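This briefing covers the sheet, the helix packing, the ligand surroundings and the backbone geometry of one model. The sequence and structure come first.

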Amino acid sequence: MKYFILFGPPGAGKGTQATSMVEKYSLRHISTGELLRKEIAEGTELGLKAKSLIDAGALVPDEIVEGMIESVFNTEKDVAGFLLDGFPRTTAQAEALDMILAKSGDEVTSVVSIMIPDEMIKERIRHRAAIEGRADDANDTTIENRIRTYHDKTEPLVEYYKGKGKYNEIDGTGTIEDVRTKIFTLMDKF
Ligand code: AP5
Ligand code: MG
């Protein structure tokens, strides 16, 4: 089983690129952000807990997302692999993922990191706000907090995966098609 991590700051294009990646490589897309938004829409207890954190641009507790990921791994067996979008996002989550995969003798196959500068993050999210109506895209304070949370909590994972020789970075500033082509060239190697 292959386990790809689609990494990058908010608005980098993870969700956008995931669609064509899962199709081409027969992967199951798991976006922890989408799973959490579904819980919120359904008004579950977990959703209620997550909503205030997401709306503030903070992360939800590690145990919550780790549990979500493990439960998808356990229920979806009929795929060539998984594409993790927005997970892991802290060093503790990366270590938990390694432990979950080790139970079945697996490991992370590769990290595909889409990078864009902070100013472009804001432009892209403001643009998307008008189209998708995501609550955490709606105000500048939340967007600033998401960017800060990314730099503080998530960016250290670049070094974590470089240390394991699994980190691959793609320039995310080009057109959607340009970025897709670069990702496919990289993914073809795995
Ligand atoms: P999540 O849903 O993962 O949000 P995110 O990481 O902030 O990333 P986005 O979904 O905003 O951006 P994206 O990279 O998918 O970009 P997209 O393709 O949409 O998480 C939301 C929240 O949930 C978190 O803040 C946190 O609270 C919580 N959460 C989730 N996972 C968690 C975890 N593991 N631990 C704890 N908490 C967690 O593109 C953006 C826009 O740009 C779109 O409009 C798109 O059309 C456009 N675009 C894309 N590519 C291009 C391009 N090349 N050129 C021009 N426009 C482009
Ligand atoms: Mg997304």
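An open sheet is formed by 5 strands in the order β2-β3-β1-β4-β5, with parallel pairing. Strands pair here if DSSP finds at least two bridges between them; helices (H or I, at least four residues) and strands (E, at least two) are DSSP runs, numbered from the N terminus. This is a predicted model, in which local features need pLDDT of at least 70 and side-chain atom pairs count only at pLDDT 80 or more, while totals for chains, interfaces and linings use all residues. Residues are numbered from 1 along each chain as its sequence is written, chains are lettered from A and ligands numbered from 1 in the order in which they are written, and side-chain values use heavy atoms, leaving out hydrogens and water.

- The edge strands, each pairing on one side only, are β2 (27-31) and β5 (167-171).
- From one strand to the next, the twist averages 20°.
- Strand β2 runs parallel to β3 (residues 81-85), and 5 bridges join the two.
- L27 has G81 of β3 standing opposite.

**Helix packing**
- Axes are lines fitted to C-alpha atoms, for helices over the stretch in contact, and angles run from 0 to 180 degrees between N-to-C directions.
- Helix α7 (residues 140-154) packs with helix α8 (residues 156-163) at an angle of about 35°, the axes being 5 Å apart.
- H151, D152, K153 and T154 of α7 make this contact (heavy atoms within 4.5 Å) with P156, L157 and V158 of α8.
- By class, the contact of α7 with α8 has 3 nonpolar, 2 polar and 2 charged residues; Ala, Val, Leu, Ile, Met, Phe, Trp, Tyr, Cys and Pro count as nonpolar, Asp, Glu, Lys and Arg as charged, and the others, Gly among them, as polar.
- Helix α5 (residues 91-102) also packs with α8 at an angle of about 35°, with axes 9 Å apart.
- On the α5 side the contact involves T91, A94, E95, L97 and D98, and on the α8 side P156, L157, Y160 and Y161.
- The contact of α5 with α8 comprises 6 nonpolar, 1 polar and 2 charged residues.

**Ligand 1**
- There are 30 residues around ligand 1 (a heavy atom within 4 Å), of which T16, T32, A58, R89 and R128 come nearest.
- Polar side-chain atoms of T16 and R89 each lie 2.5 Å from an oxygen atom of ligand 1.
- For R128, a polar side-chain atom is 2.6 Å from an oxygen atom of ligand 1.
- Ligand 1 taken alone exposes 1,000 Å², of which the protein buries 89%; the areas come from the Shrake-Rupley method with a 1.4 Å probe.

**Backbone geometry**
- Most residues other than glycine have a negative phi, and most peptide bonds are trans.
- F87 and P88 are joined by a cis peptide bond with omega about -5°, and P88 is placed in the loop between β3 and α5.
- S26, a residue other than glycine, has a positive phi near 55° and lies in the loop between α1 (14-25) and β2.

Note on methods. Polar contact = N/O pair within 3.5 Å; in protein donor to acceptor, adjacent residues only side chain to side chain.
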